[in-house]
Amino acid sequence: MNDKVTEIDIAKRINEQINVSEPIAADFISTYFSLIREGLEADGVVKITGLGTFKLVMTESRKIVSVHTKEDQEIPSHYRITFTPDKELAFRVNEPYAHLTTINLDEADLKEEPIEPIANAAREYFDDEIHEIPLPINAPVLNKDVESYVSDADQDDLEVSENETQPVESPEPVLSSEPIGKKKSSLSSALVVAASCLLTVVVFLFFYLAIPYITDKEDLQAQDQPETEQPFVPEVPPEVYSDSIAVSDSSAEVKEPVFEPAQEPASLASETIRYGSRLTLLAQKYYGNKHFWCYIYEENKSHISNPNLIGIGTKIIIPHPSKYGIDANSSASVEKAKSYSRELNNKVYKD
Amino acid sequence: MNNKEFEKKLCDTLPLKTDVVTQLNQQLLVVLEQELANGNSVCLSSFGTFELKKKAERITKHPSTKNRILIPPKLVLNFTPSKSIKTAIKKIKSL
């Protein structure tokens with residue numbers, strides 16, 4: 001894994017598979033690629049089924065400033081090679097990540113309607129408050145705030161109506177920053193009430209949907225203001241996305257499966273989760289197909305809440321294939337596992 | 001040059017029987033696919049290197065709905081031509 005493979009290695013592999021001697025295979029490989037080169041030089045395009053398309057593309061001439069001499073230079077226009085892998089090969093190569101799908105992050109935010117400019121001021125005001133408030137008592141406290149502000153505004157209105165005969169201007173409501181007339185103040189208070197109610201609902205919805213994924217408070221704040229252009233850190237289940245192939249490889253090598261004797265058909269083996277371990281990798285290792293990860297999760301459901309976020313050091317029991325009817329060679333079994341894991345995925349992302 | 005022409009040329013150039021060449025051709029692609037799928041890079045002197053590159057996950061905005069969409073990471077096959085073929089290609093003035 002992650003090694004450099006040369007022509008000689010490939011010739012050896014071919015020799016192992018079919019009845020062709022190594023030197024002939026090596027000769028074949030060198031001829032193969034020199035022919036691609038010739039074809040490129042002659043036609044500009046070489047299309048090989050199962051590998052991909054090599055194509056010559058013209059690069060326009062461009063001017064540069066030499067780093068050493070500080071002089072203007074011109075790079076003449078020239079051809080370069082582009083390579084587009086065959087669809088099947090591209091898919092095969094991406095298999096470790098093939099189970100991931102695009103996620104719409106904004107489904108919840110869609111409910112947020114455009115708010116009038118005057119309400120925006122109130123919104124900003126409330127936003128500051130929201131960050132201070134601890135999670136569990138968030139909604140009630142916010143409501144109280146809203147009520148107190150509303151009552152303030154109402155009192156103002158009452159005073160205004162009582163003193164209507166006097167030419168003196170009424171005291172301004174707490175929230176409005178600009179001088180606002182009597183009628184406007186009642187309008188603005190109504191708007192503020194509407195805006196704050198909407199905001200409460202949105203914030204509550206957001207917390208309700210996002211709590212399982214978010215552990216960091218800073219993340220929360222970044223999420224809360226999607227309009228401001230802060231670098232947004234996605235709430236990605238780290239185990240699914242964050243590790244490269246290299247990491248998972250090393251862990252797979254380090255792991256020594258403890259095969260239990262045949263008297264216990266209930267479990268095949270037990271594994272300890274390390275950095276870079278994935279249920280899909282374990283499924284690939286033990287059952288020969290990554291889609292069976294759902295059954296490993298099923299077996300260990302009691303101490304794993306989220307299959308994408310398993311704590312390091314967690315002991316995982318690999319169930320015996322017969323328990324769930326696991327058979328990598330049967331397409332029906334694989335399909336069943338696929339649909340079940342899709343179901344699990346949806347459930348996890350919805351939670 | 002398409003696949004058919006390429007295979008024909010391969011048969012003409014090599015002093016081997018057609019069926020052997022087709023067998024070799026298939027096997028070469030199988031081996032290449034296996035090696036690349038295992039995450040190895042295939043280095044062919046005087047031609048170039050095939051290797052896998054990981055593209056990180058990213059967030060894009062849907063142009064019409066304005067929704068933010070998380071695109072998962074993926075592995076992409078990348079080809080880097082060798083120096084000799086690069087310079088040879090650069091010398092071509094027109095096709």
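## Exercises on a predicted two-chain model

A:Lys70 is exposed, with a relative accessible area of 64%; exposed means over 50%, buried under 20%, and partly exposed in between (1.4 Å probe, protein chains only). This is a predicted model, where local features need pLDDT of at least 70, side-chain atom pairs count only at pLDDT 80 or more, and totals for chains, interfaces and linings use all residues. Residues are numbered from 1 along each chain as its sequence is written, chains are lettered from A and ligands numbered from 1 in the order written, and side-chain values use heavy atoms, without hydrogens and water.

**Exercise 1. Locate A:Lys70 and describe its phi.**

Step 1. Find the place. A:Lys70 sits in the loop between strand S4 (62-65) and strand S5 (72-75) of chain A. Strands (E, at least two residues) and helices (H or I, at least four) are DSSP runs, numbered from the N terminus.

Step 2. Read phi. The value is near 60° for A:Lys70, positive in a residue other than glycine.

Step 3. Turn to chain B. B:Ser46 lies in the loop between strand S1 (41-44) and strand S2 (48-55) of chain B. Its phi is near 70°, also positive in a non-glycine residue. B:Ser46 is partly exposed, because its relative accessible area is 47%.

**Exercise 2. Check the length of helix H2 (residues 22-43) of chain A.**

Step 1. Work out the expected span, which is 1.5 Å times one less than the number of residues.

Step 2. Look at burial. Buried residues of H2(A) include A:Phe28, A:Tyr32, A:Leu35 and A:Ile36. An α-helix has 3.6 residues a turn, so residues three or four places apart point the same way.

Step 3. Look past the end. A:Gly44 follows H2(A), and its phi is positive, near 90°.

**Exercise 3. Describe how H2(A) packs on helix H1 (residues 3-13) of chain B.**

Step 1. Take the geometry. The angle is about 125° and the axes are 10 Å apart. Axes are lines fitted to C-alpha atoms, for helices over the stretch in contact, and angles run from 0 to 180 degrees between N-to-C directions.

Step 2. Classify. H2(A) is therefore oblique to H1(B). Under 35 degrees counts as roughly parallel, over 145 as roughly antiparallel, 65 to 115 as roughly perpendicular, and the rest as oblique.

Step 3. List the contact (heavy atoms within 4.5 Å). Among the residues that make it are A:Phe28, A:Tyr32 and A:Asp43 of H2(A), and B:Phe6, B:Lys9 and B:Leu10 of H1(B).

Step 4. Sort the contact residues of H2(A) and H1(B): six are nonpolar, two polar and four charged. Here Ala, Val, Leu, Ile, Met, Phe, Trp, Tyr, Cys and Pro count as nonpolar, Asp, Glu, Lys and Arg as charged, and the others, Gly among them, as polar.

**Exercise 4. Which residues does B:Asn25 touch, and is it buried or exposed?**

Step 1. B:Asn25 belongs to helix H2 (residues 18-37) of chain B.

Step 2. Judge burial. B:Asn25 is buried, because its relative accessible area is 7%.

Step 3. List its partners. Not counting residues up to four places away in sequence, B:Asn25 touches A:Phe28, A:Tyr32, B:Glu7 and B:Leu10.
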